[in-house]
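The terms are defined as they come up.

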Amino acid sequence: MPKKTAKRPSLFKSFKQSVFNKLLKNKHLKNSITLEHRTIYVLPSSLGWYFVIVAILNFVMGINYQNNLILIMSYLMFVVMIIAVLMGYSNAKGLTVKFKDAFNSYAPQKPSIIFELQSPSVTKSINLTYQDSEQTHKHTGQVDSKPQLLTLNLPYSSRGKYSVQRIKIASNYPFGLMTVWSYIQLQEDIFVYPSLEQVHSDAHVSMLDEQADKGISTQSGSEEFESLIPHLPEMGLQRVSWKHYAKTQQLLVKEFVDFKIANALFDFTLMNGDTEQRLSQLCFLVCEATEKNTPFMLKLPNKTINTNTGQHHKQQCLELLCSFNGDV
Amino acid sequence: MDILKNEKVINYSLSFIYACLIVFFVSHLPLVFVGVLTLICAWNFYITLSNKPKPNAWLANILAGVSLGLMLYTVGMSDTVILFVAMLLLASLFKLLQAKTKKHYHVITTLTFFSLSSVYLFNQSILTTLTVSCLYILNFAVLGLLESKHNLKIASKQSGKLLLLALPLAIFLLLFLPKMPAFWQLPGPKLAKTGLSEQVDPFDIAKLSNSDELVFRAKFNEEKPVAPYYWRAIVHDEFNGNAWLTSDFLKYNNVKTNTQSENDEQLIASYSVIAEPATQKWLYGLAYSSSNSPNVEGNSLGLLRKKSRQAKNLQYDVNSFNFTALPLGEFEEKRYKYLSNKKNVKTSSLAKNLKQNTHSDRDFYNSLLQYFAGTGFTYTLTPTPMSGDNTIDQFLFDNQRGFCGHYASAAAYIFRTAGIPARLVSGYLGGELNQDNNTLTVRQYDAHAWVEVYLQNEGWVIFDATAVVAPERLNGSLSQNEELNDEFKSNLDFGLVSLSNFPAINWLRLELENLDYQWSSWVLGFDEEKQNDFLKSIFGSKNIWLVPLMVLLTAGFCFIGYFIYLNLPKRPAKLAPMVKEFYEVKAWAKKQKINTPDNLTPSQQLDFFADQLPRSAQSISTFRQLFNQVRYGKKPFTKERKTQAKDLIKLIKISK
């Protein structure tokens, strides 16, 4: 339903929100919801209201002209309305909507949430809507006992940390006369990371870690060729230098090492441009460093994350970048 | 949400519905306007067919403005109901022409529900009802299509099912919900009808009785009176030289007084009449009629009138009495003898001649009948139009061909010239009697005009020259009249009546007639009074308060029952392969009176059967192997295996 919620005065909106929360009694604060008597709401849709108005008009016309045929049409419309309530309710009942996964995104891409839908009996025509908006809307024609995945895009395209709002699960089955709906309110935050802005020069990377001896400390790794050593039976054949074998009939094994790269420090103050640009650059650096497995430290004006590496560290840093709201 | 999946089909269906609606209203709307509507409808068809984009808003709005002006100009403001219908159709069609989003289509479909109902304002026949019901189903299907991806067939099926489900309950509500009186008086639709009018001028009519439209039906309660039936509708008392009119005096000074005390008079018949919708106020009755029905009033002339102009079927009960022989008042007598125009000189001298040769009014009456019988008059449905100020002379002495209006007009003139009070009455003569249900059907072509003459000591007496010119006309309807049949039929617009020569079609026509009678009597005529009787017959007059309770309970039970049905656990999924076949064998074994112990596996059970029935042991063990292969050996249950299993079962059963 196209609603102009954004144009409403915020006071009214917040009041509505609080009333809603009170009414809903946190029934929907779950990551998985099965629609049942307590959590299904039924009201005529806008079409339903038109329909009722026309039914009333027909009734008035039928009464005033004492016309049985018009009257019966009017009664028919009312009965259909009630049947639509029953059908709509029975249709939605039993549907399970389960939070499956959240995909954070880099601005300006939009994050998305994946739900798993399942229903013991067949449930028809289900819409998932986020914040009553046309753009963030997903429709599926039919849900049955086979789990079905549905991806819902969220309408956030600028950097930030967002808590996921209530998501409406609605159906207009069978004739669009009734809206049968429920909510699922996830306890999840979703992030839109800063956009990736490529940084070419290394100048801004502070080599704070001078004491970490650059290029000396070695550990066996896979990056750089170090030397050839004689093959031992337990070594396997993957790293045998066949070139040498062909020349010398001697089994030699190539030995590689990784140079322990100096720890990097990504400092907000060393970036160029305005806040968003700086964050974007930092974001790029964090991603690149994680890819290269370089330990790094992230320094923002108000917070610092200590040197570390790995996905978890990256996640932590990105989340920090998302929620940064200071100025230069 | 706003993406339409079936826009094309939806457009087709809605265009079709509106095309049908236009056809329904063709006879009520001006032709130019019908043309405009048809054009828009066709345009929409064309756009859909050729996948062209819909016209832009500017063009459509300008066109809508122009059409609106045209509508106001052609339809006019006089008949508000038809104006309203015209506006509704025009608005819906233009909206359809511009509709792009789901919301637009929602508005159109809901409006269509209203447009469809308004058809019933003008026509409530069975055929119309059936057609409109089909269109209702289609409209619901469109609603369904707006929501789902189904095709039209599935959607119509669904909506048909839903409406069938809802219909019994709606009928129930109609029967039992107390009928309310009209909230306010709405203007009734004005129906253009041919038939009677307050002015009878037979001389400029060239073609007559070409309508087989139903006027009313009468059902006699007990014995039906003796034919002919003169159904009186209007009395004309003023002759203006050409036409007979109803004077204003008569229109407004006919309040019923008690001079005609009904108790004294002989009751001829009591019957009930169902009159078809008509805008005129007059109703129909035999002789001196009076009615106790609430919507009907009688007047001192013994005529019946509607109390309010309502364009719908009206059912009323009538008691008909003979006219009294009470003397006329002086003023009345003068009025019924008065002729303002005496330019028909020949006719006047004829009247004087007759008067001189007769001794009493009764004598005069008889000799005038003789005159009409003897002088070569013929009855025709296609008279030659006459003009001038001595049309009666022309008719009586030159032309001598005419229909009832001519004869009545001339006769009334003669009577008045002779100083005998006379008046012209128009109404209907006869009707077609259905022997099965004792019902008389009167159609427009039964329209008739005759003269009522006041004879001393006898009161008002019918004088019908047609009776001697074409006596067959008196008995039954024109449709049953042998002699005039051909002329009558060639005159009629094409219809079932014009085919009544064929017995099968005639039978069909009579059956349809009967059905139509039941329809208007029971469905259309089910009013407050009938409902009261109906409820009293069920609950008794003391327990009428039970009705609302019963309505609520029944409706509640219906809905609860339906709800339970909807939520019934669905049947378990299909049985695994071979299980059905196994049960079949088991059932057969049970028939052979083998008691299988409960604690055996299917395999063991089959072995057990084989032991017990050595003759079919072979087949049973093969069946067991197959069963094990499919159920436990993960072999697919192919068609071959299926037929093998079937064959085995047959073998097992045969080899007793």
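**From core to contact**

The largest nonpolar core has 118 residues, and those touching the most other members are A:L76, A:I169, A:L282, A:V286, A:L321, B:A86 and B:L93. A nonpolar core here is a set of buried Ala, Val, Leu, Ile, Met, Phe, Trp, Tyr and Cys residues joined through C-beta atoms within 7 Å. Buried means that 20 or more other C-beta atoms lie within 10 Å of the residue's own; exposed means 12 or fewer, partly exposed is in between, and C-beta atoms are placed from the backbone. Helix α3 (residues 68-92) of chain A gives the most to this core, 15 residues. Helices (H or I, at least four residues) and strands (E, at least two) are DSSP runs, numbered from the N terminus.

This is a predicted model: local features need pLDDT of at least 70, side-chain atom pairs count only at pLDDT 80 or more, and totals for chains, interfaces and linings use all residues. Residues are numbered from 1 along each chain as its sequence is written, while chains are lettered from A and ligands numbered from 1 in the order in which they are written. The predictor gives the complex an ipTM of 0.71 and a pTM of 0.66. Chain B averages a pLDDT (the predictor's confidence in each residue, from 0 to 100) of 80, and 86% of the residues score at least 70. Where pLDDT is low, the predicted coordinates should not be read in detail.

Apart from neighbours within four places in sequence, B:A86 is in contact with B:L29, B:F33, B:M71 and B:V75. Contact means that the C-beta atoms of two residues, placed from the backbone, lie within 7 Å. A second, separate core has 73 residues, among them B:Y229, B:V273, B:Y336 and B:A465.

Beyond four places in sequence, the contacts of B:L440 are B:R217, B:A218, B:Y229, B:G431, B:E432 and B:L433. B:L440 sits in strand β16 (residues 439-443) of chain B. Why does B:L440 count as buried? It has 24 C-beta neighbours inside 10 Å. B:L440 and B:A218 are 222 residues apart along the chain, yet their C-alpha atoms are separated by 5.1 Å.

Now the chains in turn. Chain B has 22 helices and 18 strands. Of its 656 residues, 34% are buried. Chain A has six helices and 17 strands. Of its 328 residues, 31% are buried. Among chain A contacts between residues at least 6 apart in sequence, 68% join residues at least 24 apart.

Chain A holds an open sheet of four strands, ordered β1-β3-β5-β8, with antiparallel pairing. Two strands pair if DSSP finds at least two bridges between them. β1 (32-34) and β8 (148-153) of chain A stand at the edges with a single partner strand each, so one side of each has no neighbour in the sheet. Six bridges join β5 (residues 112-118) of chain A to β8(A). In one of the pairings, A:F115 has A:L150 in β8(A) as its bridge partner.

Finally, the contact between the chains. It takes 44 residues from chain B and 40 residues from chain A. On the chain B side, α5 (102-119), α6 (126-147), α7 (152-176), α16 (503-524) and α18 (546-567) each supply at least two residues. The largest share, 10 residues, comes from α7(B).
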